[in-house]
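Opening the notebook on this one. I'll jot down what I looked up, spot by spot.

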Amino acid sequence: MKFGKEFSSQMVPEWHEAYMDYEYLKSLLKDITKFKRKNNPSHGQHLRRKLTVYRTFSGLLSKSTRKRHPHGGAPISPFSDSDDDIEEGLKSAPILVHSASHGYETTFLMAAEAGGEYETVFFRRLDDEFNKVEKFYKEKVDEVMKEAVMLNKQMDALIAFRVKVEHPDGWPWKERTVEMTRLASDVAISAAALAASTPAGARSMKLGAQALEAIEEGGSSSTGKSDEDQEDDDDKEKEEEDKVVYEPAAGGISRLSAARPSPIEVLDRVKINNMKETPRSTIKHVLKPSNPELKFSRDNLKRVEEKLRRAFVEFYHKLRLLKSYSFLNVLAFSKILKKYDKVSSRNATKSYMKMVDNSYLGGSDEVIRLMERVEDTFIKHFTNANRTKGMNILRPKAKRERHRITFSTGFLGGCMFSLVVALFAIIRTRNILQEEGQKQYMNTMFPLYSLFGFIVLHVIMYAANIYYWTRYRVNYSFIFGFKQGTELRYRQVLLVGFSIGVLALLCVIANLDMEIDPETNDYKALTELLPLILLIGLFIVLVLPFNIFYRSSRLFFLTCLFHCLAAPLYKVTLPDFLLGDQITSQVQALRSVQFYICHYGWGDYKLRQNTCTKSDTYNAFLFIVAVVPYVCRLLQCLRRLFEEKNAEQGYNGIKYFLTIVAVCLRTAYSVDKDNQFVWRMLAGIFSAIAAIFSTYWDLVLDWGLLNRTSKNRWLRDKLLIPQKKVYFIAMFLNILLRFAWVQTVLDFNVSFMHRQTMVTVVASLEIIRRGIWNFFRLENEHLNNVGKYRAFKTVPLPFNYDEDEDKDN
């Protein structure tokens, strides 16, 4: 793979614009090449041969000379060119790099030569890219340093909290004296060893290690040592930085105690944040807002540790991304300069890369040192000194694509297609549609099995979304908030959908065979129970607590579903309201569930009849079931309006309120046969208003399109899909499918379609519309994250320091 593609594939998607524009600089090199070929036709033909044919022979059995990153890490050989050295006859450095007020600036010394203006432009753009990259890197490093200070204070509070839980009556002075004596002695011995073995110039400690120094020192008395050599090194660094000699006598203890305040005193200046939001805590907060007091219980300690564990994992992830950002950009500058040397027959790489290596981007090691401190802290305090376990949590291994998943997905997909063909063949050859029981079957069994069709179609659309999100580098796992390494790929999602589809189709065919075969008339009750057995089986798999069948994804889905049902009582997150939007497209599936309860609860399955529609209770629940998804979304909008004070959420709530009115009127029109004309008029008016409002909201606010002033007229400035016509086709389909409800009001009837078939088709079109909406909704969300360089999740911290304390610090 060429470096340009490899460089693009390893970028942090949300920071794409902050990386060096490698392709643009390559285009400038192409301009230089074109000029040289135009003025010297032999230049492009003989240069490469001149550089390679007369080079010293490297031998047939020479060992690999792959370079490694100066700070450790993976070899960089996949990015290296075959021509690393430049011919001895090349000219000396043609550039002079110096520092200016706005950053670094390069002076091209050969501007008077033919074509020099092209090379001058190249170095100007190269300087612009480098200054942009370094400025961004500095800003991000400053951010993580500030966050390190916050985590430092959180760890102070955690250690004090642990001491308070372990010793409610206070830490015995005798035990504390022994512990502090041991700590002071270890520090003194480590300092002496360091002074004897380390040169003076190598004893300075950078800011990255300073930020979390107190974490290591504060935690030594609570958990003890696990790795003696590692802790000795940490104590050496602290000793040299502070330049304090600790004596192992009583005087040393007092000085060590004076260097840091007593951990218990920290608790006087902190308040505990809401550990776990529940409906009860939300109601209490609304009725009586108050800051919760510290309760020193083991349950609270466990929750505090879990929150800080998550905060450290996310913080470490930020540091890894910053380290990768620095490494990739330094490598990109090296690559583009080597290409320049080959094109221009000059030797500018050495001079420019010397500046890069000495700059903040290439020479700063704050991030690496901070990573080491975070690793030590996390291992000591959160994994009981188990380094293997700690590093597995901090650096989860990337999921590997398994061949059995691919094979199983393809196999089940083929089985599903074959069963569909077999079902149509059975219906056709046995002329089932023309039999007397056809209407009875369509009114009873078809609604039961159509539920699985809706589920499979939605799962397939979601798998297609994942495929295209991955293809166009939409960071869907970050947007949804999936735990790193637990997100499902599109093949795994297809495997789930095809599995459900195969089971449902087998039940349909078995049902038909049992009905047709006169020898199995005794099993009629069993045939009617097949869809119920399948539904119960799927529900059991969904709520299964064991670590099988993608437990983390099932738990994530159930959690979001519960938050949707209890909408106003939980803080609304993006996965919650996105799932709420998905449920609004599954109203017909919810009505199928209602039909399951009626059909099997009232015993209609024994006679294969449908008496549910004759019940007033059932018809009343048709209204309730249809509006529940929209009510949940309305309550979510009200919760966000209350919390965020954003008027846009109020307008969004109005949209769902209008939809609730329209759905109720359409349901009344289909149920009440006495006032058909009135219900039809009201349903048509309110449905049209709701559809127009919703369509505008989809295209303008959810997708960010229809912007007249954008550089892509009627679209938006940034587009991930290069073919603009795709967006116009998607807008047209969204409008067309938004008005599929017209069939309900105008009673479109197709001669060869049963009414239940038409209802299923309309419901399926809504699911397809939702699948299209999902892609462009997340694309717009991703581009908003890119515009704000938002690549990290905000993890709530367990402790809240008083404002006065923050000002003092």
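Is N785 buried or exposed? I get a relative accessible area of 3%, so N785 is buried (buried is under 20% relative accessible area, exposed over 50%, partly exposed in between, with a 1.4 Å probe and protein chains only).

Before going on: this is a predicted model, where local features need pLDDT of at least 70, side-chain atom pairs count only at pLDDT 80 or more, and totals for chains, interfaces and linings use all residues. Residues are numbered from 1 along each chain as its sequence is written, and side-chain values use heavy atoms, with hydrogens and water left out.

Back to N785, which I find in helix α30, residues 755-787 (helices are DSSP runs of H or I, at least four residues, numbered from the N terminus). Leaving out residues up to four places away in sequence, N785 touches E14, F478, I479 and R790 (contact means heavy atoms within 4.5 Å).

Next I looked at α2, residues 22-39. Its 18 residues reach 26 Å from first C-alpha to last, close to the 26 Å expected at 1.5 Å a residue (the expected span is 1.5 Å times one less than the number of residues). I list Y22, L25, L28, L29, I32, T33, F35 and K36 as its buried residues. Down the axis of α2 they fall within an arc of 160 degrees, so they line one face of the helix (the arc is that of the directions from the helix axis to the C-beta atoms). On the other side of α2, I noted K30, K34 and K38 as exposed.

Last stop was F677, in helix α27, residues 676-702. F677 counts as exposed, at 63% relative accessibility.

Terms used
Helix = DSSP H or I, 4+ residues; strand = E, 2+ residues; numbered from the N terminus.
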